[in-house]
Amino acid sequence: MNTPLLGIEELSVGFDTPEGKARAVDRVSFALERGETLGVVGESGCGKSVTALSILGLVPSPPGVIESGAIRFENSDLIGSPPEALRRIRGRDIAMIFQEPMTSLNPVLPIGRQVAEPLMVHRGLNRKEALDQAAQWLERVKIPDARRRMGDYPHHLSGGMRQRVMIAMAMVCRPKLLIADEPTTALDVTIQAQILALMVGLKQEMGMSLLLITHNLGVVAQMAARVVVMYAGQVVEEAVVSELFGRPFHPYTRGLLRSMPDPAGRPDGGSRRLSEIPGIVPAITEAIVGCKFAGRCPHAFGRCREQAPGLFDIAGGQRARCWLSRFPERRRTDA
Amino acid sequence: MLRYLAKKLITLVALLFFVSITVFAVLFVLPGDPAQIILGINATPEALAALRADLGLDKSFWGQYREWVGNLLAGRSHHSIHYKMPVFDLIVDSLAVTGPMALMAMGFAVLISLPLGIYAARNQNRHGDVTVMFFTQLGLATPEFWFGILLILLLSVQLGWFSAGGFPGWAADPIGAFKALLLPAFALGVIRAAILTRLTRSSMLEVLREDYVRTARAKGLRERSVIYVHALRNALIPVLTIMGLQLGQLLAGAIIIENVYFLPGLGRLVFNAIGQRDLPVVRDIVLFMAAAVVVVNFVIDVAYAYVDPRIKIN
Ligand SMILES: Nc1ncnc2c1ncn2[C@@H]1O[C@H](COP(=O)(O)OP(=O)(O)O)[C@@H](O)[C@H]1O
Ligand SMILES: [Mg+2]
């Protein structure tokens with residue numbers, strides 16, 4: 001088997017906060033194959049964005065510190081890379097689009113120029129060539145009348161159009177990996193579907209890998225081949241999509257799925273804030289003995305509160321961070 | 001864009017009108033009879049009355065105001081009582097000192113404050129930042145004239161690099177004239193740089209947290225372009241306003257620094273004219289000073305629209 005395109009190993013990221021050290025990402029590991037779409041799901045605040053930003057070395061520091069772990073991308077460890085080497089990878093081999101199209105584009109620069117910039121730094125194109133390619137890309141992401149709009153500023157565009165511009169900007173250098181951090185969360189339902197369709201099309205055309213971060217299980221079901229579920233900074237379950245939806249293992253995953261209305265129903269169904277699991281997520285500044293989900297888990301037993309479970313293999317590549325994998329008899333059928 | 005400009009232009013005219021009335025009214029009620037000053041205390045009442053009529057001082061408030069503004073609009077200069085020459089020429093002569101000095105001072109202020117502010121922001125709460133902030137605090141607390149005197153003592157008296165004051169005139173000695181303005185401009189610039197540095201720093205800190213700066217980094221741009229293109233352009237927007245105010249103020253003359261350096265600038269001209277009750281001079285200069293501030297702000301508004309494209313819509 002080839003080495004994966006991206007391999008995150010035991011990544012931990014902390015933030016210095018007034019309340020103490022906050023472990024935003026806690027020994028997270030997952031891998032992404034070439035051409036694969038991997039979904040990362042979890043409630044808001046569970047560390048999805050910080051994980052993604054770590055890949056590009058963009059965790060704001062201070063206060064953020066990558067405490068340990070490795071991020072292997074094409075045989076090099078990004079964490080140990082000198083800043084200049086990492087900069088060359090950003091935008092060229094790994095591109096990223098963000099949740100907030102309204103604030104992610106520079107308000108005082110024309111969009112054409114913003115899309116063209118990666119071509120100038122990474123491909124060494126001159127301004128004219130870069131702008132020309134940028135215009136082609138704006139056409140490709142279906143900005144109407146793209147050539148005439150090159151000189152427009154972000155405030156001239158709607159949220160959906162801005163996200164298209166962000167996608168064009170991410171794609172111009174034909175990256176091997178696209179990280180999309182909740183790319184449709186801030187958009188209207190109909191626009192969401194269009195943007196997702198656009199991403200699917202581009203991904204197939206370019207053969208790139210996609211790391212799709214979302215808290216919307218509907219989006220994962222539609223887009224991803226494999227899913228990583230995160231809770232309180234940790235990976236709690238990993239499985240291919242059919243297994244995750246067919247036989248979820250972790251009680252948290254099950255809760256997520258239950259809180260998701262019929263996936264065939266309203267397309268925005270899964271974007272509800274997963275409030276159906278009772279209890280609250282522990283503060284990340286808290287030191288927790290045992291499983292971080294134990295306080296909310298209907299099946300929790302003694303072991304869960306004493307010792308943190310590892311990520312155990314279940315079957316066929318499915319993994320879950322849960323003691324039930326060792327003590328299946330403890331699963332309560334009524335819950 | 002045109003509508004924005006038109007709106008600003010209308011405001012400009014209205015503001016100038018308002019300023020002219022205020023200036024006129026204040027000087028109208030000010031005690032001191034110019035006719036008496038010109039003719040001395042021994043003048044006969046007839047002579048005084050004749051001169052008042054000559055100067056138009058016997059007319060009503062509105063009559064005098066109309067005459068004053070009418071002359072200005074028609075481009076007819078009033079005459080200085082003391083200097084016996086057109087006020088217009090007096091202003092042009094002193095502006096030849098104050099104008100270049102103001103521009104040089106702002107040049108110094110910008111050259112000092114932008115790099116320092118950016119540096120401090122990028123090293124927030126570290127040694128470099130703390131040091132910069134310490135010196136800006138010092139700059140805020142330092143009176144301009146004191147710093148001016150310090151520069152004279154050090155660079156003119158001790159080291160003999162500059163003359164200790166005075167102005168040889170542009171025509172007679174251009175290099176000497178330039179050198180004569182260098183120290184006072186530096187003194188003015190450094191003091192203004194203190195506030196600009198702090199402003200640049202805080203504006204930059206805010207902008208560096210923005211999502212679009214993260215986007216710029218995510219694209220793999222060099223740190224240089226991230227800071228100087230993506231961040232600075234946005235950070236400059238609030239700084240520009242203060243720069244404009246400062247430039248307008250400087251164009252209106254720096255009375256104290258001009259006195260410290262014996263420079264025949266606008267500040268000294270108006271200072272002397274007030275002492276001499278040279279009403280036509282005072283009136284026109286004060287209006288000119290106000291106009292300078294208003295016009296510079298207009299220019300800044302236009303520059304604003306250039307830096308911030310969002311302005312054009314509303
Ligand atoms: N700049 C920061 N300073 C302090 N804490 C942060 C910062 N960014 C993120 N965090 C913390 O890290 C945790 C994970 O955040 P994030 O990765 O943004 O969550 P999400 O899964 O919603 O993307 C959150 O608890 C958040 O409070
Ligand atoms: Mg997030």
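**Figure 1. Chain B of the predicted model, in which 46% of the 314 residues count as buried (under 20% relative accessible area; exposed is over 50%, partly exposed in between; 1.4 Å probe, protein chains only).** The secondary structure of chain B comes to 13 helices and 0 strands, where helices (H or I, at least four residues) and strands (E, at least two) are DSSP runs numbered from the N terminus. Read from the N terminus on, the elements of chain B follow the order α-α-α-α-α-α-α-α-α-α-α-α-α. The C-alpha trace of chain B spans about 85 × 55 × 35 Å along its principal axes. This is a predicted model, in which local features need pLDDT of at least 70 and side-chain atom pairs count only at pLDDT 80 or more, while totals for chains, interfaces and linings use all residues. Residues are numbered from 1 along each chain as its sequence is written, chains are lettered from A and ligands numbered from 1 in the order in which they are written, and side-chain values use heavy atoms, leaving out hydrogens and water.

**Figure 2. Helix α8 of chain B and its bend at Ala193(B).** Helix α8(B) covers residues 174–208. Its end C-alpha atoms span only 44 Å, whereas a straight helix of 35 residues would span 51 Å, the expected span being 1.5 Å times one less than the number of residues. At Ala193(B), α8(B) bends by about 30°, the angle between axes fitted to the seven residues ending there and the seven starting there.

**Figure 3. Helix α10 of chain B and the glycine just after it.** Helix α10(B), residues 223–251, has 29 residues. A straight helix would reach 42 Å, but the end C-alpha atoms of α10(B) are only 37 Å apart. A bend of about 50° in α10(B) is found at Leu232(B). Just after this helix, Gly253(B) takes a positive phi of about 95°.

Figure 4. Most residues other than glycine have a negative phi, and most peptide bonds are trans.

**Figure 5. Lys142(A) and Asn125(B), residues with positive phi that are not glycine.** Phi of Lys142(A) is near 65°. Lys142(A) is placed in the loop between α5 and α6 (146–149) of chain A and counts as exposed because its relative accessibility is 56%. In chain B, the phi of Asn125(B) is about 65°. Asn125(B) lies in the loop between α5 and α6 (127–141) of chain B; with a relative accessible area of 61%, Asn125(B) is exposed.

**Figure 6. Gln136(A) and Arg319(A), two partly exposed residues of chain A.** Gln136(A) belongs to helix α5 (residues 127–140) of chain A, and its relative accessible area is 40%. Although Gln136(A) and Val172(A) are 36 residues apart along the chain, 9.4 Å separates their C-alpha atoms. Arg319(A) is found in strand β12 (residues 318–320) of chain A and has a relative accessible area of 22%. Between Arg319(A) and Leu131(A), 188 residues apart in sequence, the C-alpha to C-alpha distance is 46 Å.
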